[in-house]
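Open the model in your viewer and keep the selection tool to hand.

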Amino acid sequence: MNASITIAKRELKSYFESPVAYVFLVVFLMLTGFLTFYVSSYYEVRQADLSRSFFIWHPWVYLLLVPAASMRLWAEERRAGTIELLLTMPVTMLQAIVGKFLAAWVFLLIALALTFPVVCTTAYLGAPDVGAIIGGYLGSALLAGTYLSVGMLTSATTRNQVISFVLSLVICLLLLMAGWPPVTEIFAKWAPDWLVRCVASFSFMPHFDSLQRGVLDLRDLAYYVSVMAFMLFGTHLILENRK
Amino acid sequence: MIEVKDISKRFGAIQAVDNVSFTAEQGEILGFLGPNGAGKSTTMRMITGFLAPSSGTASVCGHDILTAPVAAKRQIGYLPENAPAYAEMTATSFLQFAGELRGFGGAELNGKVEAAIERCRLEKVRNQSVGTLSKGYKQRVCFAQAVLHDPPVLIMDEPTDGLDPNQKHIVRTMIKDMAEKKTIIISTHILEEVDAVCSRAIIISDGRLVANGTPEELRSASRTHGAVEVVFKEPVAGAAGALRALSSADDVDEAGAKCTVYKGGQDGGDLFADVAKLLREKSWPMISLRTLDGRLDEVFQNLTIGDDLSRVG
(Lines give C-alpha, C1' and ligand atoms only; values in the text may rest on other atoms or scores of the structure.)
Protein backbone atom coordinates (compact mmCIF):
# COMPACT_ATOMS: atom_id res chain seq x y z
CA MET A 1 0.00 0.00 0.00
CA ASN A 2 2.84 2.36 0.85
CA ALA A 3 4.30 1.92 -2.61
CA SER A 4 0.91 2.73 -4.14
CA ILE A 5 0.74 5.95 -2.18
CA THR A 6 4.28 6.91 -3.19
CA ILE A 7 3.40 6.32 -6.83
CA ALA A 8 0.10 8.17 -6.45
CA LYS A 9 1.82 11.18 -4.87
CA ARG A 10 4.34 11.40 -7.69
CA GLU A 11 1.68 10.99 -10.31
CA LEU A 12 -0.59 13.63 -8.79
CA LYS A 13 2.29 16.07 -8.48
CA SER A 14 3.20 15.50 -12.09
CA TYR A 15 -0.34 16.51 -13.11
CA PHE A 16 0.15 19.89 -11.52
CA GLU A 17 3.69 20.30 -12.81
CA SER A 18 2.37 20.58 -16.35
CA PRO A 19 0.08 23.35 -17.57
CA VAL A 20 -2.29 20.71 -18.94
CA ALA A 21 -3.77 20.18 -15.47
CA TYR A 22 -4.77 23.82 -15.14
CA VAL A 23 -6.18 23.90 -18.64
CA PHE A 24 -8.13 20.79 -17.75
CA LEU A 25 -9.54 22.32 -14.57
CA VAL A 26 -10.50 25.57 -16.28
CA VAL A 27 -12.16 23.80 -19.20
CA PHE A 28 -14.02 21.47 -16.86
CA LEU A 29 -15.33 24.29 -14.70
CA MET A 30 -16.22 26.56 -17.61
CA LEU A 31 -17.96 23.77 -19.44
CA THR A 32 -20.03 22.63 -16.46
CA GLY A 33 -20.85 26.24 -15.60
CA PHE A 34 -21.86 27.05 -19.14
CA LEU A 35 -24.02 23.96 -19.50
CA THR A 36 -25.66 24.48 -16.12
CA PHE A 37 -26.41 28.17 -16.28
CA TYR A 38 -26.99 28.75 -19.99
CA VAL A 39 -27.94 25.52 -21.73
CA SER A 40 -30.08 24.26 -18.86
CA SER A 41 -31.44 27.75 -18.16
CA TYR A 42 -30.79 27.21 -14.49
CA TYR A 43 -32.12 30.65 -13.44
CA GLU A 44 -35.19 30.59 -15.65
CA VAL A 45 -36.34 27.20 -14.37
CA ARG A 46 -36.45 28.65 -10.85
CA GLN A 47 -35.89 25.31 -9.09
CA ALA A 48 -33.32 24.69 -6.38
CA ASP A 49 -32.48 21.36 -7.97
CA LEU A 50 -29.09 20.39 -9.33
CA SER A 51 -29.82 17.04 -10.91
CA ARG A 52 -31.64 18.39 -13.99
CA SER A 53 -29.34 21.30 -14.61
CA PHE A 54 -25.94 20.32 -13.25
CA PHE A 55 -25.33 16.61 -12.73
CA ILE A 56 -27.15 15.68 -15.91
CA TRP A 57 -24.23 17.05 -17.91
CA HIS A 58 -21.49 15.20 -16.10
CA PRO A 59 -21.58 12.00 -18.19
CA TRP A 60 -21.02 14.12 -21.32
CA VAL A 61 -18.39 16.42 -19.88
CA TYR A 62 -16.46 13.45 -18.50
CA LEU A 63 -16.70 11.78 -21.87
CA LEU A 64 -14.34 14.39 -23.27
CA LEU A 65 -12.23 15.25 -20.28
CA VAL A 66 -11.58 12.01 -18.42
CA PRO A 67 -9.90 10.31 -21.40
CA ALA A 68 -7.71 13.40 -21.63
CA ALA A 69 -6.73 13.03 -17.99
CA SER A 70 -6.10 9.29 -18.21
CA MET A 71 -4.40 9.00 -21.59
CA ARG A 72 -0.94 9.70 -20.27
CA LEU A 73 -1.04 7.30 -17.31
CA TRP A 74 0.72 4.37 -19.03
CA ALA A 75 1.23 5.62 -22.58
CA GLU A 76 3.61 8.34 -21.44
CA GLU A 77 5.54 5.96 -19.18
CA ARG A 78 5.96 3.64 -22.10
CA ARG A 79 6.98 6.37 -24.53
CA ALA A 80 9.52 7.87 -22.15
CA GLY A 81 10.80 4.47 -21.07
CA THR A 82 10.20 5.25 -17.40
CA ILE A 83 7.91 2.25 -17.20
CA GLU A 84 11.08 0.16 -17.13
CA LEU A 85 12.23 2.07 -14.11
CA LEU A 86 8.88 1.86 -12.35
CA LEU A 87 8.34 -1.85 -12.89
CA THR A 88 11.86 -2.83 -11.86
CA MET A 89 11.36 -1.13 -8.50
CA PRO A 90 10.36 -3.50 -5.70
CA VAL A 91 6.65 -2.97 -6.33
CA THR A 92 4.01 -5.29 -7.69
CA MET A 93 2.10 -4.50 -10.85
CA LEU A 94 -1.07 -4.14 -8.79
CA GLN A 95 0.53 -1.53 -6.54
CA ALA A 96 1.60 0.48 -9.57
CA ILE A 97 -1.86 0.29 -11.14
CA VAL A 98 -3.66 1.22 -7.94
CA GLY A 99 -1.25 4.09 -7.31
CA LYS A 100 -1.78 5.59 -10.73
CA PHE A 101 -5.50 5.09 -10.58
CA LEU A 102 -5.77 6.79 -7.20
CA ALA A 103 -3.73 9.76 -8.41
CA ALA A 104 -5.88 10.33 -11.46
CA TRP A 105 -9.06 9.84 -9.48
CA VAL A 106 -8.01 12.33 -6.84
CA PHE A 107 -7.21 14.75 -9.63
CA LEU A 108 -10.71 14.35 -11.05
CA LEU A 109 -12.22 14.69 -7.58
CA ILE A 110 -10.35 17.97 -7.14
CA ALA A 111 -11.93 19.17 -10.38
CA LEU A 112 -15.32 18.01 -9.16
CA ALA A 113 -14.88 19.66 -5.76
CA LEU A 114 -14.11 22.96 -7.46
CA THR A 115 -17.68 23.06 -8.75
CA PHE A 116 -18.77 24.03 -5.20
CA PRO A 117 -19.92 27.54 -6.28
CA VAL A 118 -22.81 25.87 -8.08
CA VAL A 119 -23.93 24.33 -4.80
CA CYS A 120 -23.45 27.64 -2.97
CA THR A 121 -25.55 29.45 -5.57
CA THR A 122 -28.33 26.92 -5.18
CA ALA A 123 -28.23 27.09 -1.41
CA TYR A 124 -28.33 30.87 -1.58
CA LEU A 125 -31.28 30.96 -3.96
CA GLY A 126 -33.41 28.26 -2.41
CA ALA A 127 -33.53 25.22 -0.19
CA PRO A 128 -32.11 22.32 -2.20
CA ASP A 129 -32.42 18.70 -1.18
CA VAL A 130 -29.08 18.04 0.51
CA GLY A 131 -29.44 14.28 0.09
CA ALA A 132 -29.88 14.66 -3.65
CA ILE A 133 -26.78 16.85 -3.90
CA ILE A 134 -24.65 14.40 -1.92
CA GLY A 135 -26.03 11.55 -4.00
CA GLY A 136 -25.30 13.51 -7.15
CA TYR A 137 -21.72 14.17 -6.15
CA LEU A 138 -21.21 10.58 -5.07
CA GLY A 139 -22.61 9.35 -8.36
CA SER A 140 -20.49 11.81 -10.28
CA ALA A 141 -17.36 10.75 -8.40
CA LEU A 142 -18.06 7.09 -9.11
CA LEU A 143 -18.81 7.87 -12.73
CA ALA A 144 -15.51 9.71 -13.06
CA GLY A 145 -13.69 6.73 -11.56
CA THR A 146 -15.43 4.37 -13.97
CA TYR A 147 -14.52 6.46 -17.02
CA LEU A 148 -11.03 6.69 -15.62
CA SER A 149 -10.70 2.92 -15.30
CA VAL A 150 -11.62 2.62 -18.98
CA GLY A 151 -9.04 5.28 -19.87
CA MET A 152 -6.43 3.51 -17.82
CA LEU A 153 -7.02 0.30 -19.73
CA THR A 154 -6.71 1.98 -23.11
CA SER A 155 -3.62 3.84 -21.95
CA ALA A 156 -1.97 0.53 -21.11
CA THR A 157 -2.49 -0.74 -24.64
CA THR A 158 -0.44 1.91 -26.43
CA ARG A 159 2.49 4.29 -26.23
CA ASN A 160 0.53 6.91 -28.12
CA GLN A 161 -1.60 9.17 -25.94
CA VAL A 162 -3.87 10.17 -28.81
CA ILE A 163 -4.77 6.56 -29.55
CA SER A 164 -5.51 6.03 -25.89
CA PHE A 165 -7.73 9.14 -25.85
CA VAL A 166 -9.74 8.11 -28.90
CA LEU A 167 -10.12 4.49 -27.77
CA SER A 168 -11.35 5.36 -24.32
CA LEU A 169 -13.68 8.01 -25.71
CA VAL A 170 -15.25 5.45 -28.05
CA ILE A 171 -15.60 2.80 -25.34
CA CYS A 172 -17.08 5.28 -22.87
CA LEU A 173 -19.44 6.60 -25.52
CA LEU A 174 -20.68 3.09 -26.25
CA LEU A 175 -21.17 2.36 -22.57
CA LEU A 176 -22.95 5.66 -22.18
CA MET A 177 -25.24 5.34 -25.19
CA ALA A 178 -26.19 1.72 -24.50
CA GLY A 179 -28.50 2.84 -21.73
CA TRP A 180 -29.47 6.29 -22.87
CA PRO A 181 -33.28 6.36 -23.41
CA PRO A 182 -33.18 7.76 -27.00
CA VAL A 183 -30.93 4.87 -27.99
CA THR A 184 -32.71 2.13 -26.04
CA GLU A 185 -36.03 3.24 -27.57
CA ILE A 186 -34.70 2.60 -31.06
CA PHE A 187 -33.62 -0.88 -30.09
CA ALA A 188 -36.81 -1.58 -28.17
CA LYS A 189 -38.76 -1.44 -31.44
CA TRP A 190 -37.30 -4.65 -32.79
CA ALA A 191 -35.11 -6.30 -30.16
CA PRO A 192 -36.59 -8.48 -27.43
CA ASP A 193 -37.18 -6.64 -24.21
CA TRP A 194 -34.76 -8.70 -22.12
CA LEU A 195 -31.92 -8.02 -24.54
CA VAL A 196 -32.47 -4.27 -24.46
CA ARG A 197 -32.56 -4.30 -20.69
CA CYS A 198 -29.51 -6.50 -20.50
CA VAL A 199 -27.47 -4.22 -22.75
CA ALA A 200 -28.76 -1.13 -20.97
CA SER A 201 -27.70 -2.54 -17.62
CA PHE A 202 -24.10 -2.44 -18.80
CA SER A 203 -24.44 1.26 -19.38
CA PHE A 204 -23.36 4.04 -17.03
CA MET A 205 -26.59 5.93 -17.60
CA PRO A 206 -29.34 4.15 -15.61
CA HIS A 207 -27.03 3.81 -12.61
CA PHE A 208 -26.10 7.45 -12.73
CA ASP A 209 -29.75 8.51 -13.06
CA SER A 210 -30.85 6.93 -9.84
CA LEU A 211 -27.85 8.26 -7.92
CA GLN A 212 -28.38 11.82 -9.05
CA ARG A 213 -31.97 11.63 -7.93
CA GLY A 214 -30.53 10.98 -4.48
CA VAL A 215 -31.38 7.29 -4.42
CA LEU A 216 -28.45 5.36 -3.01
CA ASP A 217 -28.92 1.85 -4.34
CA LEU A 218 -26.34 -0.78 -3.48
CA ARG A 219 -26.79 -2.26 -6.93
CA ASP A 220 -25.60 0.97 -8.53
CA LEU A 221 -22.61 1.11 -6.22
CA ALA A 222 -21.87 -2.51 -7.00
CA TYR A 223 -22.11 -1.71 -10.70
CA TYR A 224 -19.54 1.08 -10.58
CA VAL A 225 -17.18 -0.81 -8.34
CA SER A 226 -17.35 -3.91 -10.48
CA VAL A 227 -16.75 -2.02 -13.73
CA MET A 228 -13.74 -0.33 -12.14
CA ALA A 229 -12.42 -3.62 -10.79
CA PHE A 230 -12.94 -5.26 -14.16
CA MET A 231 -11.11 -2.51 -16.03
CA LEU A 232 -8.21 -2.45 -13.57
CA PHE A 233 -7.99 -6.21 -13.82
CA GLY A 234 -7.91 -5.83 -17.60
CA THR A 235 -5.13 -3.26 -17.26
CA HIS A 236 -3.21 -5.70 -15.10
CA LEU A 237 -3.70 -8.42 -17.69
CA ILE A 238 -2.52 -6.19 -20.54
CA LEU A 239 0.56 -4.97 -18.71
CA GLU A 240 1.50 -8.49 -17.58
CA ASN A 241 0.99 -9.75 -21.09
CA ARG A 242 3.33 -7.17 -22.53
CA LYS A 243 6.11 -8.24 -20.19
CA MET B 1 25.18 -12.83 -6.79
CA ILE B 2 23.28 -13.70 -9.90
CA GLU B 3 22.48 -17.07 -11.34
CA VAL B 4 20.83 -17.27 -14.74
CA LYS B 5 19.47 -20.65 -15.75
CA ASP B 6 18.50 -21.49 -19.34
CA ILE B 7 16.67 -18.24 -19.80
CA SER B 8 14.85 -17.68 -23.09
CA LYS B 9 12.64 -14.98 -24.49
CA ARG B 10 10.52 -15.15 -27.57
CA PHE B 11 8.66 -12.19 -29.09
CA GLY B 12 6.24 -13.74 -31.54
CA ALA B 13 8.41 -15.37 -34.18
CA ILE B 14 11.61 -13.76 -32.97
CA GLN B 15 13.81 -15.68 -30.56
CA ALA B 16 15.42 -12.75 -28.76
CA VAL B 17 17.25 -14.79 -26.13
CA ASP B 18 17.93 -18.48 -26.51
CA ASN B 19 18.83 -20.64 -23.50
CA VAL B 20 21.36 -18.36 -21.88
CA SER B 21 22.96 -19.47 -18.61
CA PHE B 22 25.70 -17.86 -16.58
CA THR B 23 26.55 -16.81 -13.05
CA ALA B 24 28.13 -13.71 -11.61
CA GLU B 25 29.74 -13.61 -8.18
CA GLN B 26 30.35 -10.85 -5.70
CA GLY B 27 33.32 -8.66 -6.58
CA GLU B 28 32.94 -9.37 -10.26
CA ILE B 29 32.24 -6.86 -13.00
CA LEU B 30 30.68 -8.91 -15.73
CA GLY B 31 30.70 -7.38 -19.19
CA PHE B 32 27.86 -8.21 -21.50
CA LEU B 33 29.07 -7.96 -25.07
CA GLY B 34 27.23 -8.34 -28.30
CA PRO B 35 26.19 -6.50 -31.42
CA ASN B 36 23.08 -4.34 -31.32
CA GLY B 37 20.00 -6.49 -31.13
CA ALA B 38 21.86 -9.53 -29.86
CA GLY B 39 19.67 -9.85 -26.79
CA LYS B 40 21.74 -8.06 -24.16
CA SER B 41 19.00 -5.68 -23.07
CA THR B 42 16.35 -8.38 -23.18
CA THR B 43 18.42 -10.60 -20.88
CA MET B 44 18.95 -7.73 -18.45
CA ARG B 45 15.27 -6.85 -18.55
CA MET B 46 14.39 -10.40 -17.61
CA ILE B 47 16.81 -10.46 -14.67
CA THR B 48 15.45 -7.15 -13.41
CA GLY B 49 11.85 -8.31 -13.71
CA PHE B 50 10.74 -5.93 -16.45
CA LEU B 51 10.20 -8.76 -18.92
CA ALA B 52 9.00 -12.23 -18.07
CA PRO B 53 11.12 -15.06 -19.49
CA SER B 54 9.42 -17.43 -21.94
CA SER B 55 11.28 -20.25 -20.25
CA GLY B 56 14.05 -20.65 -17.71
CA THR B 57 14.61 -18.43 -14.72
CA ALA B 58 17.21 -16.50 -12.79
CA SER B 59 17.92 -15.88 -9.15
CA VAL B 60 19.32 -12.78 -7.54
CA CYS B 61 20.95 -13.30 -4.12
CA GLY B 62 18.96 -16.48 -3.75
CA HIS B 63 15.59 -14.94 -4.68
CA ASP B 64 14.03 -16.46 -7.75
CA ILE B 65 12.75 -13.79 -10.14
CA LEU B 66 9.64 -15.81 -10.92
CA THR B 67 8.56 -16.91 -7.45
CA ALA B 68 9.85 -13.94 -5.41
CA PRO B 69 10.07 -11.02 -7.85
CA VAL B 70 9.78 -8.22 -5.30
CA ALA B 71 12.45 -9.70 -3.02
CA ALA B 72 14.73 -10.14 -6.04
CA LYS B 73 14.11 -6.56 -7.23
CA ARG B 74 14.99 -5.26 -3.78
CA GLN B 75 18.54 -6.60 -4.25
CA ILE B 76 19.02 -4.92 -7.61
CA GLY B 77 19.99 -1.46 -8.70
CA TYR B 78 19.13 -1.06 -12.35
CA LEU B 79 20.19 1.51 -14.89
CA PRO B 80 18.04 0.93 -17.99
CA GLU B 81 19.22 1.73 -21.49
CA ASN B 82 19.03 5.45 -22.33
CA ALA B 83 18.67 6.26 -18.62
CA PRO B 84 14.96 7.06 -18.47
CA ALA B 85 13.78 9.44 -15.74
CA TYR B 86 10.64 11.48 -15.14
CA ALA B 87 11.41 14.63 -17.10
CA GLU B 88 9.29 17.03 -15.05
CA MET B 89 10.84 16.08 -11.70
CA THR B 90 13.94 17.69 -10.25
CA ALA B 91 16.96 15.47 -9.73
CA THR B 92 16.44 15.55 -5.97
CA SER B 93 12.72 14.79 -6.02
CA PHE B 94 13.32 11.99 -8.52
CA LEU B 95 15.86 10.38 -6.19
CA GLN B 96 13.51 10.87 -3.28
CA PHE B 97 10.77 9.09 -5.20
CA ALA B 98 13.11 6.19 -5.97
CA GLY B 99 14.17 6.04 -2.32
CA GLU B 100 10.59 6.00 -1.09
CA LEU B 101 9.73 3.17 -3.44
CA ARG B 102 12.75 1.35 -2.02
CA GLY B 103 11.11 1.66 1.38
CA PHE B 104 13.13 4.46 2.94
CA GLY B 105 11.54 7.35 4.81
CA GLY B 106 12.32 10.38 6.94
CA ALA B 107 15.93 11.16 7.84
CA GLU B 108 17.19 7.89 6.41
CA LEU B 109 15.71 8.74 3.02
CA ASN B 110 17.28 12.19 3.02
CA GLY B 111 20.62 10.71 4.03
CA LYS B 112 20.51 8.19 1.18
CA VAL B 113 19.52 10.86 -1.35
CA GLU B 114 22.30 13.20 -0.21
CA ALA B 115 24.85 10.40 -0.35
CA ALA B 116 23.77 9.45 -3.86
CA ILE B 117 23.93 13.09 -5.00
CA GLU B 118 27.41 13.39 -3.62
CA ARG B 119 28.63 10.08 -5.02
CA CYS B 120 27.38 10.89 -8.50
CA ARG B 121 28.47 14.55 -8.35
CA LEU B 122 25.04 15.99 -8.92
CA GLU B 123 25.21 18.98 -6.53
CA LYS B 124 25.19 21.45 -9.38
CA VAL B 125 21.97 20.21 -10.93
CA ARG B 126 20.07 18.90 -7.94
CA ASN B 127 17.21 21.38 -8.29
CA GLN B 128 17.03 21.29 -12.05
CA SER B 129 14.32 19.27 -13.70
CA VAL B 130 15.64 16.09 -15.25
CA GLY B 131 14.24 16.91 -18.69
CA THR B 132 16.51 19.94 -19.00
CA LEU B 133 19.71 18.07 -18.14
CA SER B 134 22.43 17.11 -20.57
CA LYS B 135 22.78 13.46 -21.46
CA GLY B 136 25.73 12.95 -19.14
CA TYR B 137 23.93 14.39 -16.15
CA LYS B 138 20.75 12.51 -16.99
CA GLN B 139 22.77 9.32 -17.08
CA ARG B 140 24.23 10.12 -13.68
CA VAL B 141 20.83 10.94 -12.18
CA CYS B 142 19.59 7.56 -13.29
CA PHE B 143 22.81 5.99 -12.05
CA ALA B 144 22.26 7.67 -8.68
CA GLN B 145 18.81 6.11 -8.55
CA ALA B 146 20.38 2.69 -9.13
CA VAL B 147 22.96 2.95 -6.34
CA LEU B 148 20.83 4.92 -3.87
CA HIS B 149 19.93 1.89 -1.75
CA ASP B 150 23.44 0.41 -1.93
CA PRO B 151 22.24 -2.77 -3.65
CA PRO B 152 24.34 -5.93 -3.64
CA VAL B 153 23.62 -6.33 -7.35
CA LEU B 154 24.00 -3.62 -9.94
CA ILE B 155 22.79 -4.07 -13.50
CA MET B 156 23.57 -1.40 -16.05
CA ASP B 157 22.53 -1.35 -19.67
CA GLU B 158 25.08 0.59 -21.70
CA PRO B 159 26.01 2.98 -18.91
CA THR B 160 28.47 4.95 -21.02
CA ASP B 161 26.54 5.06 -24.27
CA GLY B 162 26.50 8.53 -25.80
CA LEU B 163 28.77 10.08 -23.20
CA ASP B 164 31.86 12.13 -23.97
CA PRO B 165 35.26 10.67 -22.99
CA ASN B 166 35.41 12.58 -19.69
CA GLN B 167 31.94 11.50 -18.69
CA LYS B 168 32.74 7.94 -19.67
CA HIS B 169 35.75 8.08 -17.42
CA ILE B 170 33.65 9.38 -14.51
CA VAL B 171 31.05 6.66 -14.92
CA ARG B 172 33.69 3.93 -15.20
CA THR B 173 35.44 5.21 -12.10
CA MET B 174 32.15 5.16 -10.21
CA ILE B 175 31.54 1.59 -11.32
CA LYS B 176 35.03 0.43 -10.37
CA ASP B 177 34.80 2.14 -6.99
CA MET B 178 31.83 0.01 -6.10
CA ALA B 179 32.99 -3.26 -7.57
CA GLU B 180 34.48 -4.84 -4.50
CA LYS B 181 31.32 -5.42 -2.51
CA LYS B 182 28.89 -5.86 -5.36
CA THR B 183 28.00 -8.05 -8.26
CA ILE B 184 27.94 -5.83 -11.31
CA ILE B 185 26.74 -6.55 -14.82
CA ILE B 186 27.24 -3.96 -17.53
CA SER B 187 26.29 -4.34 -21.13
CA THR B 188 28.19 -2.61 -23.84
CA HIS B 189 29.17 -2.83 -27.43
CA ILE B 190 32.31 -0.82 -26.80
CA LEU B 191 35.19 -3.27 -26.54
CA GLU B 192 37.62 -0.90 -24.86
CA GLU B 193 35.18 -0.77 -21.99
CA VAL B 194 35.66 -4.46 -21.33
CA ASP B 195 39.38 -3.91 -20.86
CA ALA B 196 38.77 -0.75 -18.87
CA VAL B 197 36.37 -2.15 -16.29
CA CYS B 198 35.36 -5.78 -16.64
CA SER B 199 36.83 -8.72 -14.82
CA ARG B 200 34.93 -11.17 -16.99
CA ALA B 201 33.00 -10.92 -20.23
CA ILE B 202 30.20 -12.77 -21.90
CA ILE B 203 29.54 -12.48 -25.61
CA ILE B 204 26.00 -12.86 -26.83
CA SER B 205 25.17 -13.20 -30.47
CA ASP B 206 21.74 -13.71 -31.95
CA GLY B 207 20.33 -14.49 -28.55
CA ARG B 208 22.88 -17.21 -27.77
CA LEU B 209 25.81 -17.14 -25.43
CA VAL B 210 28.91 -17.69 -27.55
CA ALA B 211 31.77 -16.94 -25.16
CA ASN B 212 32.35 -16.56 -21.45
CA GLY B 213 35.72 -15.77 -19.89
CA THR B 214 38.15 -13.16 -18.65
CA PRO B 215 39.22 -10.57 -21.23
CA GLU B 216 42.59 -12.39 -21.42
CA GLU B 217 40.94 -15.74 -22.06
CA LEU B 218 38.76 -14.26 -24.75
CA ARG B 219 41.71 -12.59 -26.35
CA SER B 220 43.64 -15.87 -26.49
CA ALA B 221 41.09 -17.10 -29.02
CA SER B 222 42.22 -14.33 -31.31
CA ARG B 223 44.48 -15.09 -34.27
CA THR B 224 46.87 -12.37 -33.18
CA HIS B 225 47.24 -13.86 -29.70
CA GLY B 226 50.90 -14.82 -29.37
CA ALA B 227 51.74 -13.40 -32.77
CA VAL B 228 54.99 -11.48 -33.11
CA GLU B 229 55.12 -8.04 -34.64
CA VAL B 230 58.34 -6.79 -36.16
CA VAL B 231 58.73 -3.22 -37.32
CA PHE B 232 61.74 -2.63 -39.56
CA LYS B 233 63.39 0.67 -40.13
CA GLU B 234 62.34 0.45 -43.75
CA PRO B 235 60.59 -2.24 -45.81
CA VAL B 236 62.88 -5.24 -46.23
CA ALA B 237 62.51 -7.34 -49.37
CA GLY B 238 62.38 -11.04 -48.56
CA ALA B 239 61.75 -10.55 -44.85
CA ALA B 240 58.18 -11.79 -45.05
CA GLY B 241 59.27 -14.90 -46.94
CA ALA B 242 62.01 -15.71 -44.46
CA LEU B 243 59.66 -15.25 -41.51
CA ARG B 244 57.00 -17.39 -43.13
CA ALA B 245 59.54 -20.16 -43.56
CA LEU B 246 60.06 -20.48 -39.78
CA SER B 247 58.74 -23.77 -38.48
CA SER B 248 56.74 -22.16 -35.68
CA ALA B 249 55.17 -19.54 -37.97
CA ASP B 250 51.90 -19.95 -39.76
CA ASP B 251 51.47 -16.89 -41.86
CA VAL B 252 52.85 -13.38 -42.19
CA ASP B 253 51.03 -10.13 -42.84
CA GLU B 254 53.23 -7.53 -44.39
CA ALA B 255 52.23 -3.88 -44.27
CA GLY B 256 55.05 -1.59 -45.31
CA ALA B 257 57.84 -1.95 -42.81
CA LYS B 258 55.66 -3.89 -40.39
CA CYS B 259 55.40 -7.67 -40.40
CA THR B 260 53.01 -9.60 -38.20
CA VAL B 261 54.01 -13.24 -37.81
CA TYR B 262 51.18 -15.55 -36.74
CA LYS B 263 51.78 -18.61 -34.64
CA GLY B 264 51.88 -21.94 -36.42
CA GLY B 265 49.30 -24.55 -35.51
CA GLN B 266 50.60 -27.94 -34.28
CA ASP B 267 54.30 -27.31 -33.86
CA GLY B 268 54.01 -25.30 -30.66
CA GLY B 269 57.59 -24.01 -30.87
CA ASP B 270 58.67 -20.73 -29.39
CA LEU B 271 57.77 -18.27 -32.13
CA PHE B 272 59.33 -15.25 -30.42
CA ALA B 273 62.67 -17.01 -29.95
CA ASP B 274 62.65 -18.23 -33.55
CA VAL B 275 61.88 -14.78 -34.90
CA ALA B 276 64.51 -13.17 -32.71
CA LYS B 277 67.07 -15.72 -33.83
CA LEU B 278 66.31 -15.10 -37.50
CA LEU B 279 66.52 -11.35 -37.04
CA ARG B 280 69.89 -11.67 -35.30
CA GLU B 281 71.22 -13.76 -38.13
CA LYS B 282 70.01 -11.39 -40.83
CA SER B 283 70.65 -8.23 -38.79
CA TRP B 284 67.98 -6.26 -40.61
CA PRO B 285 67.68 -2.79 -39.02
CA MET B 286 64.48 -2.67 -36.99
CA ILE B 287 62.61 -0.42 -34.59
CA SER B 288 60.58 -2.79 -32.46
CA LEU B 289 59.83 -6.42 -31.79
CA ARG B 290 56.99 -7.56 -29.57
CA THR B 291 54.53 -10.33 -28.84
CA LEU B 292 50.87 -9.40 -29.36
CA ASP B 293 48.15 -10.06 -26.76
CA GLY B 294 45.46 -10.69 -29.28
CA ARG B 295 42.60 -8.40 -30.06
CA LEU B 296 39.15 -8.50 -28.56
CA ASP B 297 37.54 -6.97 -31.61
CA GLU B 298 38.85 -9.85 -33.71
CA VAL B 299 37.33 -12.42 -31.34
CA PHE B 300 34.16 -10.41 -31.20
CA GLN B 301 33.88 -10.29 -34.97
CA ASN B 302 34.62 -13.97 -35.39
CA LEU B 303 31.95 -14.92 -32.89
CA THR B 304 29.25 -12.50 -33.92
CA ILE B 305 29.65 -11.65 -37.57
CA GLY B 306 27.78 -14.73 -38.76
CA ASP B 307 24.40 -13.45 -37.71
CA ASP B 308 24.95 -10.06 -39.30
CA LEU B 309 25.74 -11.66 -42.61
CA SER B 310 22.76 -13.95 -42.48
CA ARG B 311 20.57 -10.98 -41.71
CA VAL B 312 21.85 -9.12 -44.74
CA GLY B 313 21.24 -12.23 -46.87
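Over all chains, a search of the whole structure finds 19 salt bridges, each a side-chain nitrogen of Lys or Arg within 4 Å of a carboxyl oxygen of Asp or Glu. The closest N and O atoms of the Arg45(B)–Glu84(A) salt bridge are 2.9 Å apart. Helices here are DSSP runs (H or I, at least four residues), numbered from the N terminus.

The model is predicted: local features need pLDDT of at least 70, side-chain atom pairs count only at pLDDT 80 or more, and totals for chains, interfaces and linings use all residues. Residues are numbered from 1 along each chain as its sequence is written, chains are lettered from A and ligands numbered from 1 in the order in which they are written, and side-chain values use heavy atoms, without hydrogens and water.

**The interface**

Next, select the contact between the two chains (heavy atoms within 4.5 Å). How many residues does the contact take from chain B and from chain A? Chain B gives 26 and chain A gives 24. Together they bury about 2300 Å², 65% of it on carbon and sulfur atoms; buried area is the accessible area (1.4 Å probe) that two parts lose on being put together, summed over both. Colour Phe50(B), Tyr86(B) and Leu101(B), which supply 31% of the area that chain B buries against chain A, more than any other three residues.

Across this interface the rule finds 3 salt bridges. On the side of chain B that touches chain A, α2 (69-74), α3 (91-101) and α5 (135-147) each supply at least two residues. Of these, α3(B) gives the most, with 6 residues. By class, that side of chain B divides into 15 nonpolar, 4 polar and 7 charged residues; Asp, Glu, Lys and Arg count as charged, Ala, Val, Leu, Ile, Met, Phe, Trp, Tyr, Cys and Pro as nonpolar, and the others, Gly among them, as polar.

**The largest pocket**

Now centre the view on Glu76(A), Glu77(A), Arg78(A), Ala80(A) and Thr82(A), which lie nearest the centre of the largest pocket among its 41 lining residues. A pocket is an open set of points on a 1 Å grid over the protein atoms alone where a 1.4 Å probe fits, with protein on both sides within 12 Å along at least five of seven lines; lining residues have an atom within 4 Å of a point. The largest share of the lining, 7 residues, comes from α5(A). The lining has 19 nonpolar, 6 polar and 16 charged residues.
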